[in-house]
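Here is my note on the structure, as numbered points. Please read each point with the model in view.

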Amino acid sequence: MRIYNQIVTSSRNGRKLLAILLDPDKVDESHLEPIFNRIRNTSVDMIFVGGSSVQEKMTDNLVLKIRNYSELPIVLFPGNYEQISDHADAILFLSLISGRNPEYLIEQQIKAVPQLQKSNLEVIPTGYILIDGGKETAVQRVSETKPISAKNVEEISQTALAGMYMGKKLIYLEAGSGALNPVLPEVIKSVKETLNIPLIVGGGIRSKSALEQAYENGADLVVIGTAFEENIEFLEKNLNNEHIC
Ligand code: 1GP
């Protein structure tokens, strides 16, 4: 449990983690070299790879290419069971616990088993909670589930706690890729107070202040995709070489 232990240890020590999300469907491979030249100068801790609609083999292909440029841990953040690459280090074994679609609560997970059994991937059980980020996002469209209302702190906290009681090792609060509004600080704070497992927050984080706000309110790991996709200078402009809060 190398990656999970890193997250837990960092969480206990108050060292905040940052992951960059690369979507195989969106990343132009010819940009990988400049992307990783940028990432190398920042305090990014891991690379997440995944997307809502990615064709088979594209994930494996991207993971292998990333290996040419970076030694950072690669964590799969799959939209479905076809996005599993044995060449990554770990997989967030997601269950969309905000939704009520059995396909994303258990079916996809069962379909993933044959490949996981053959791989050495570190499997990290993760409760994935979709929260309204102000517009319909790909997760909502693909999973055909509704997000929880952004201000419904009670339902979000109870869902997170139910996830922990079910044995999830991480909770991921997701406003959706490209969300107009990131997860509210009071939601992050309330969820963090109820959990004794690490908390991931992502979706719509596009500024240094949004990043710091997420950390200050209890996010242990923040995931940034769109802001970096749109401007690979985002990290250098918004991070010093340190993001401990
Ligand atoms: C999406 O949480 C991630 O699943 C990242 O979202 O693309 O909005 O940064 P953004």
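1. The crossing of helices α6 and α7 is right-handed, a term used when the near helix is turned clockwise from the far one by less than a right angle. Helix α6 covers residues 153-165 and helix α7 covers residues 185-194; their axes come within 9 Å and cross at roughly 35 degrees. Helices here are DSSP runs of H or I with at least four residues, strands are runs of E with at least two, and both are numbered from the N terminus. Axes are lines fitted to C-alpha atoms, for helices over the stretch in contact, with angles from 0 to 180 degrees between N-to-C directions.

2. This is a predicted model, in which local features need pLDDT of at least 70 and side-chain atom pairs count only at pLDDT 80 or more, while totals for chains, interfaces and linings use all residues. Residues are numbered from 1 along each chain as its sequence is written, and side-chain values use heavy atoms, with hydrogens and water left out.

3. Helices α2 (residues 32-40) and α3 (residues 58-69) form another pair, with axes that come within 10 Å and cross at roughly 55 degrees. Contact (heavy atoms within 4.5 Å) is made by Leu32, Glu33, Phe36 and Arg40 of α2 with Leu62, Lys65, Ile66 and Tyr69 of α3.

4. Which residues touch the most other members of the largest nonpolar core? They are Ile39, Ile47, Phe48, Leu92, Leu173 and Ile224, in a core of 81 residues. Such a core is a set of buried Ala, Val, Leu, Ile, Met, Phe, Trp, Tyr and Cys residues joined through side-chain atoms within 4.5 Å. Strand β1 (residues 17-22) gives the largest share, six residues. Beyond its neighbours within four places in sequence, phenylalanine 48 contacts residues including Ala19, Leu92, Tyr172 and Val223.

5. Lysine 57 has a positive phi near 80 degrees and lies in the loop between β2 (46-49) and α3. At 61% relative accessibility, lysine 57 counts as exposed (over 50% relative accessible area; buried is under 20%, partly exposed in between, with a 1.4 Å probe and protein chains only). Glutamate 144 has a positive phi near 50 degrees, and its loop runs between α5 (138-143) and α6. Glutamate 144 is exposed too, at 66%.
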